[in-house]
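Please look over the model shown below. A short report on its fold and its chain contact follows.

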Amino acid sequence: MTIPIVPKLLRAHLSDLAENDARIDGRSQWQGRDLEIEHSVLPRAEGSARVRMGDTIVLAGVKFQIMQPYPDRPNQGGLMCSADVRPIAGRNWEAGPPSPEAIELGRVVDRGIRESGCIDVDSLCIIPGEKAWQVILDLFAVSDDGNLFDAFALAGIAALRNATVPAERFEVGEDYPLSVSKTPIMCSYHKVGGRFVYDACAREELGGDERIHITLGDDDNVHSLQKGLKGIFSADEFSEIMSNAQERTKELRNIVDSM
Amino acid sequence: MGGYGDVQMIDENGLRMDGRSPGDIRDITIETGVIPVADGSCRMTWGTNEAIVAVYGPMEAHPRKIQRQDRAVLDVAYNMAPFSTTDRMRPGFNRRSREISKVTKDALESVVLLELYPRSKIRVTIEIVSAEAGTRCVGLTAASVALADAGIPMTDLVVSVASGKINDVVVCDLNKEEDNYGEADLPMGILPNSGELVFLQMDGDLSQEEFKQAWDYNMDAAQVVHKLMVEALKGGDSQ
């Protein structure tokens with residue numbers, strides 16, 4: 001990713017807005033952008049979703065492969081999650097091998113889904129020690145107007161929850177729905193103009209400081225945390241965004257679960 | 001070409017497995033402005049193919065060594081998303097996608113008025129998110145719509161369409177099964193207003209008569225697709 005020039009004017013403007021409890025696109029501090037989630041949008045994927053948050057648009061696709069289980073876990077399949085932000089998604093994203101930013105995106109989303117235990121890896125075993133399913137979740141950015149993290153995480157869990165294991169095509173039985181027992185949800189907060197806001201847009205990311213990503217499971221259990229970019233935050237600030245994340249993840253979980 | 005198959009793909013009434021006549025193309029939808037952060041964009045579905053194209057620019061060309069003093073450079077990348085195919089496609093460039101990127105660039109450079117934007121760069125990114133057959137045609141056609149959506153001056157749009165041969169019958173716009181078992185494939189990039197060509201490939205086995213028929217099917221189909229492209233550019237969505 002090319003390093004954008006941060007206009008000092010933008011930073012000053014964001015600070016002024018924050019002092020007046022306002023945001024650059026008119027939202028309040030904890031207000032997310034308009035959200036649309038659709039599933040089963042990609043005909044070649046075994047599970048898929050498209051998420052739109054304002055002008056940020058992402059796709060998630062689930063594919064399956066047959067793998068040989070790892071010797072120390074002969075009864076388990078695997079989950080792989082990768083994110084790629086290609087030049088289609090914005091003028092600052094460049095072609096080539098995944099950038100550190102894209103790798104961080106994929107790994108943070110992966111940890112939230114993996115550690116929630118929503119996919120029972122034992123159920124992915126076909127023949128112990130010989131054959132098991134590898135679930136591959138590919139996250140793909142179409143339009144980056146900020147907060148790809150939350151969009152990817154939402155699209156990822158929505159795609160997994162609507163995925164079908166293609167057993168017939170691999171001649172190992174009949175197709176069946178992938179069992180996904182939980183709904184981990186990520187909420188991301190950016191320090192903008194000296195305070196944290198939920199669901200930053202690209203201009204807030206550009207003129208902001210550090211960001212914090214929180215993935216909570218069904219019982220509010222914490223499954224992944226990540227602090228990114230330069231910045232210092234206090235325990236009080238963190239507890240404020242954690243309590244906001246508890247509310248917001250519930251709302252989003254209800255949407256995903258009702259799909 | 002997958003090779004000569006014994007699979008019967010044309011029925012006794014001369015219809016294809018999906019019910020089309022030999023000269024028919026699959027259903028097409030075209031939408032513009034689908035990527036809010038891009039300068040121009042297009043989403044095109046063609047059968048169960050789906051291509052999304054973004055155009056960024058004209059913008060600064062860097063590093064400077066890629067700049068041309070008398071014209072813009074066109075940076076064209078064709079890529080298939082990992083979930084676009086039945087078996088997952090490993091991410092990253094391969095020889096096929098590099099070749100398609102190059103011939104697509106050659107086609108688009110033939111129509112874009114690059115000399116209007118010296119020392120700058122126009123970036124065209126073609127992403128196939130669902131592949132059936134004929135993705136290079138969908139990508140090139142959608143790219144020309146996205147360039148027009150970005151307001152980049154061109155001498156004409158480019159309509160790309162392929163015809164081929166199955167069970168010794170020449171047919172237009174092969175679908176996945178036909179492509180797998182087909183005996184020839186002739187993709188062309190056509191300027192619909194003049195009938196001239198900016199892109200041409202072929203592989204397989206066609207007699208001179210069959211070749212002429214495939215050529216004519218492509219020319220006729222180009223007019224049909226062109227209407228949809230113009231509708232999409234003039235007034236939003238098109239079915």
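This is a predicted model: local features need pLDDT of at least 70, side-chain atom pairs count only at pLDDT 80 or more; totals for chains, interfaces and linings use all residues.

Residues are numbered from 1 along each chain as its sequence is written, and chains are lettered from A and ligands numbered from 1 in the order in which they are written.

**Chain A overall**

Chain A has five helices and twelve strands. Both are DSSP runs, numbered from the N terminus: helices are H or I of at least four residues, strands are E of at least two. The C-alpha atoms of chain A fill a box of roughly 60 × 40 × 35 Å along the principal axes.

Of the 259 residues of chain A, 46% count as buried. Buried means 20 or more other C-beta atoms within 10 Å of the residue's own; exposed means 12 or fewer; partly exposed is in between; C-beta atoms are placed from the backbone. Contacts in chain A also reach along the sequence. Among those between residues at least 6 apart, 68% join residues at least 24 apart. A contact needs C-beta atoms, placed from the backbone, within 7 Å.

**The enclosed strand β2(A)**

Seven of the seven residues of β2(A), residues 47-53, are buried, so the strand is largely enclosed by the rest of the structure. G47(A), A49(A), V51(A) and M53(A) point one way, and S48(A), R50(A) and R52(A) point the other way. Two strands pair if DSSP finds at least two bridges between them. In the hairpin of β2(A) and β3(A), two residues lie between the strands, and G54(A) takes a positive phi near 60 degrees.

| Strands | Bridges | One bridge pair |
|---|---|---|
| β1(A), residues 35-39, and β2(A) | five | E36(A) and R52(A) |
| β2(A) and β3(A), residues 56-67 | seven | G47(A) and V62(A) |
| β9(A), residues 185-192, and β10(A) | four | V192(A) and R195(A) |

**The open sheet and its helix**

Four strands of chain A form an open antiparallel sheet in the order β10-β9-β11-β12. The edge strands are β10(A) (195-198) and β12(A) (222-228), and each pairs on one side only. The twist averages 20 degrees from one strand to the next. Helix α3(A), residues 148-161, packs on this sheet and touches β9(A) and β11(A) (211-216). The direction of α3(A) makes about 175 degrees with that of β9(A). Axes are lines fitted to C-alpha atoms, for helices over the stretch in contact, and angles run from 0 to 180 degrees between N-to-C directions.

**A loop residue**

D25(A) lies in the loop between α1(A) (8-19) and β1(A). D25(A) counts as partly exposed because it has 15 C-beta neighbours inside 10 Å. The C-alpha atoms of D25(A) and G146(A) are separated by 12 Å, although the two are 121 residues apart along the chain.

**Contact with chain B**

The contact takes 24 residues from chain B and 24 residues from chain A. On the side of chain B, β3(B) (49-60), β4(B) (73-80) and β5(B) (120-130) each give two or more residues. The largest share, five residues, comes from β5(B).

How values were computed. Two residues are in contact if their C-beta atoms, placed from the backbone, lie within 7 Å.
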